[in-house]
Structure formats: structure tokens, C-alpha cells
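Student: I would like to learn how to read the aromatic rings in a structure. Could we look at an example together?
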Amino acid sequence: MKKFMQLVAALAVLPWFSPMSALAEGFADVEKTWQEGQPVMIVIAPDEQTPQETYGDWSYYLNEFEADDQADFISIFPISSENAEAIPARYNGEYSVLAFQKEGPAYFYEGPIVEPQVYEYLRATFAREEVPAHIEPFAPEPVKIRFERGSLVIEDCAQKQ
């Protein structure tokens with residue numbers, strides 16, 4: 001519940017995030033959580049020019065996911081689009097999501113996520129559950145993510161094939 005309240009508080013001030021986000025501090029909190037083997041979601045918040053309807057839909061589904069007790073084991077790190085410059089350009093657009101786990105899967109979703117099935121796919125995958133067939137079409141793009149000297153390194157799986 002505490003984690004949920006922190007996310008609600010953070011989303012309440014979006015898109016005017018403090019520059020003291022996890023990524024602005026050198027990914028320390030994100031990397032620590034990843035090193036512990038917990039699933040991590042980096043969510044890039046929109047800037048203040050974003051239409052309210054888009055923002056409303058996006059924040060509703062993100063808050064619903066965060067409130068889901070079955071997804072409690074996934075740590076969510078919302079950051080401002082301004083601070084997202086620390087992430088490679090292809091992956092740092094407004095609303096984009098990077099979801100990953102050490103020794104586990106990693107995904108990129110060029111947001112906004114306004115289909116709850118995307119979150120359900122992520123939850124099931126990180127819980128190591130079978131993904132229901134009707135959820136499969138909502139799978140985010142697989143990527144490879146690791147930390148290298150405090151920086152996030154992302155490889156596009158499609159380029160490897």
C-alpha cells in the first residue's frame with residue numbers, strides 16, 4: 001500500500017517531476033532493485049503539453065496496475081521525459097515503458113499503455129505464469145537490458161535476428 005501511495009503522489013505532480021528521480025541520480029534505485037532480482041518498470045511521464053484525455057487514460061491504467069495486489073512484486077519508477085534523456089533515444093519517448101528483470105525477460109512498450117492487457121501480460125510474465133492466449137497479442141516488444149557502469153544498456157532483439 002505504501003508503494004501505491006508513493007506512485008499516486010508521484011503521478012499527482014506529473015508532469016512536473018523533480019530532477020531527483022531515480023534515473024537522474026544515476027539509476028541507483030533502479031539498478032539496486034534490478035540487482036536484487038525484482039522486476040522493474042521504468043515509466044516515462046509525459047510533459048506538460050500532453051492532452052488531458054491521453055494523460056487521464058494512461059494514469060488510470062497505470063494506477064489500476066499499481067493497485068493490483070497480484071502485481072505488488074513489480075517496482076515502478078516513474079520519471080520525467082526531461083530526465084529520460086539518460087535512456088537511449090529509441091526508448092525514451094513520452095509514456096514509454098521499459099520492464100525488465102535480472103535473469104529474466106525484458107520488454108519495451110512505446111506508450112501510452114491504455115490497454116490493461118499489456119499490464120496483465122507483464123504481470124503474468126514476471127510472475128512466471130502462463131500468459132493467457134487472449135493476452136498474447138498485447139505483448140510488448142522484447143529487448144535485452146542490462147546495467148553497465150551505472151548506465152542502462154538496451155539492445156533491440158529484432159536487430160539480433
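This is a predicted model: local features need pLDDT of at least 70, side-chain atom pairs count only at pLDDT 80 or more; totals for chains, interfaces and linings use all residues.
Tutor: Gladly! Residues are numbered from 1 along each chain as its sequence is written, and side-chain values use heavy atoms, leaving out hydrogens and water.

Student: Is Phe-126 buried or exposed?

Tutor: Phe-126 counts as buried, at 4% relative accessibility.

Student: How is a pair of aromatic rings described?

Tutor: By the distance of the centres and the angle of the planes. Rings of Phe, Tyr and Trp (its six-membered ring) pair if their centres lie within 6.5 Å; planes under 30 degrees apart count as stacked, over 60 as edge-to-face and the rest as tilted. By this rule there are nine aromatic pairs. One of them joins Trp-34 and Phe-147: it is tilted, with 5.2 Å centre to centre and 55 degrees between the planes.

Student: Where do Trp-34 and Phe-147 lie, buried or exposed?

Tutor: Both Trp-34 and Phe-147 are buried. As for Tyr-107 and Phe-126, their ring centres are 6.3 Å apart and their planes at 75 degrees, so that pair is edge-to-face.

Student: Which residues form an aromatic cluster?

Tutor: Trp-34, Phe-100 and Phe-147 form one.

Technical notes. Buried means under 20% relative accessible area, exposed over 50%, partly exposed in between (1.4 Å probe, protein chains only).
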